[in-house]
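Visitor: I have a new model open and would like to learn how to read it. Could you take me through it one feature at a time?

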Amino acid sequence: MDRTSPDIHSTDSEQIEARSAGSPPVDTRERTGTLDGPSHDDAHNPATAVPDPIADSTRPGAAFRGLAGPRAEKAVSLALQGGGSHGAFTWGVLDALIEDGRVAFEAVTGASAGAMNAVVLVDGWLAGGPDGARTALEKFWREASLDADLRPSQQSWINGLFNFWKGNPFAEAWMKALNPGPYATNPFNFNPLRDALEHTVDFDRLRASDTANVFVSATNVWTGKLAVFERDCLTVDHLMASACLPTVFQAVEIDGVPYWDGGYLGNPALYPLHGSSTRDILLVQINPVERRETPRSASDIQDRLNEITFNANLMRELRSIDFVHGLIDEGGQGQVPGLERVFLHRIDGTDSLDNYAASSRIDARWRMIERLRDKGRAAAKAWLAEGYDEVGVRCTLDLKKAYQ
């Protein structure tokens, strides 16, 4: 099933004032069912909704429905950004967190590569516990890489070809001029990620399980709204939709409705996590928010536009959470039942990825993926050393600094 975000008709303050006057609150757990046509009711407004009451359950107990190893002490929900091959950084983060073992995962939300990491993580855990999850993530990224199974001579040829196309402005301009779109250049809609997912994930097992929920974002091409699909309905098509860059791949149809990459409207979507029992959300962010240089070439300008676009709705949700925190600080809990703080934490890959242009997200060479994985592992270990003790205690992400 999916959740579809509606149009925004009022400001945060107007919504709060309306509720204070007696209007019914938004049901953040409303579900819209499967999509069977182009017209869908709005299910939830991520910009103005406030969380349901959340139980204080930082420590996973016997009734915990999630991914918890034998050493797990605290639970979080994961929010995983997408970003092409840069998602290998997130693989490294997850690998280090699982290896450490102190953090359990109650739910995971993601878009594009973040959604793929989420699904592979959960299904791998179902198959073989923590070690199974680590093995599945490595298997997926090896299969998704361009050259993992090539001989050294073939790898050298691939590297030279990639560097020629990405480093030659005349070649790039020629390719753009000759590219009439994916329906002409990729008529059979070939996508190697489909095979990698089908070889790694047992979707029947994933849908039937009673475990951590998974929320996969996609963009409805017809309505221009965000759709969030949940674990109990996921197929490989939902993952393909979440990672469908419309300039490269044909739109993915689900129940007759076309979808594009979820990163345009939810990268990742945080609002589905408000129903979790844990109030801690760990965001793994891999798209740089700031770059202290002005792009001048057409390709650099497009790269920067992509980064801004794929961060925009996350910034909006962070602003909304900060707004709710402000209401709580002003005593708003007594006027609006259900207001609760969300403890946001972030493993920020933007510093590690500053030297990588947005266009490098299409670089799927294994040596690139390994390098990003190692950076993710290092970032996760640094967060565990500096921020783990604050889980369940306070919000460690400076929200105003993050979105202003």
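Predicted model: local features only at pLDDT ≥ 70, side-chain atom pairs only at ≥ 80, totals over all residues.

Visitor: Where is Leu 80 found, and is Leu 80 buried or exposed?

Guide: Buried means under 20% relative accessible area, exposed over 50%, and partly exposed in between (1.4 Å probe, protein chains only). Leu 80 is found in strand β2 and, at 0% relative accessibility, counts as buried. The C-alpha atoms of Leu 80 and Leu 282 are separated by 8.5 Å, although these residues are 202 apart along the chain.

Visitor: How many helices and strands are there in the protein?

Guide: Helices (H or I, at least four residues) and strands (E, at least two) are DSSP runs, numbered from the N terminus. The protein has 12 helices and nine strands. Of its 404 residues, 54% are buried. Among contacts between residues at least 6 apart in sequence, 79% join residues at least 24 apart.

Visitor: How many residues of helix α2 are buried?

Guide: α2 is mostly covered, with 12 of its 14 residues buried. Among them are Phe 89, Trp 91, Leu 94 and Ile 98. The cover over the buried residues of α2 includes β2 (74–80), β3 (103–111), α3, β8 (280–285), β9 (343–348) and α11 (366–387).

Visitor: What is the angle at which α2 and α3 cross?

Guide: Axes are lines fitted to C-alpha atoms, for helices over the stretch in contact, and angles run from 0 to 180 degrees between N-to-C directions. Angles under 35 degrees count as roughly parallel, over 145 as roughly antiparallel, 65 to 115 as roughly perpendicular and the rest as oblique. The axes of α2 (residues 87–100) and α3 (residues 113–144) cross at roughly 25° and come within 9 Å. That makes α2 roughly parallel to α3. Residues making the contact include Thr 90, Leu 94 and Ile 98 of α2 and Asn 117, Leu 121 and Trp 125 of α3.

Visitor: How do the residues of that contact divide?

Guide: Ala, Val, Leu, Ile, Met, Phe, Trp, Tyr, Cys and Pro count as nonpolar, Asp, Glu, Lys and Arg as charged, and the others, Gly among them, as polar. The contact of α2 with α3 has 11 nonpolar, three polar and four charged residues.

Visitor: And how do α2 and α11 cross?

Guide: Their axes come within 6 Å and cross at roughly 45°, so α2 and α11 are oblique to each other. Among the residues in contact are Phe 89, Val 93 and Ala 96 of α2, with Ile 369, Leu 372 and Trp 383 of α11. Here the division is 13 nonpolar, two polar and seven charged.

Terms used:
Residues numbered from 1 in each chain as written. Heavy atoms only, no water. Contact = heavy atoms within 4.5 Å.
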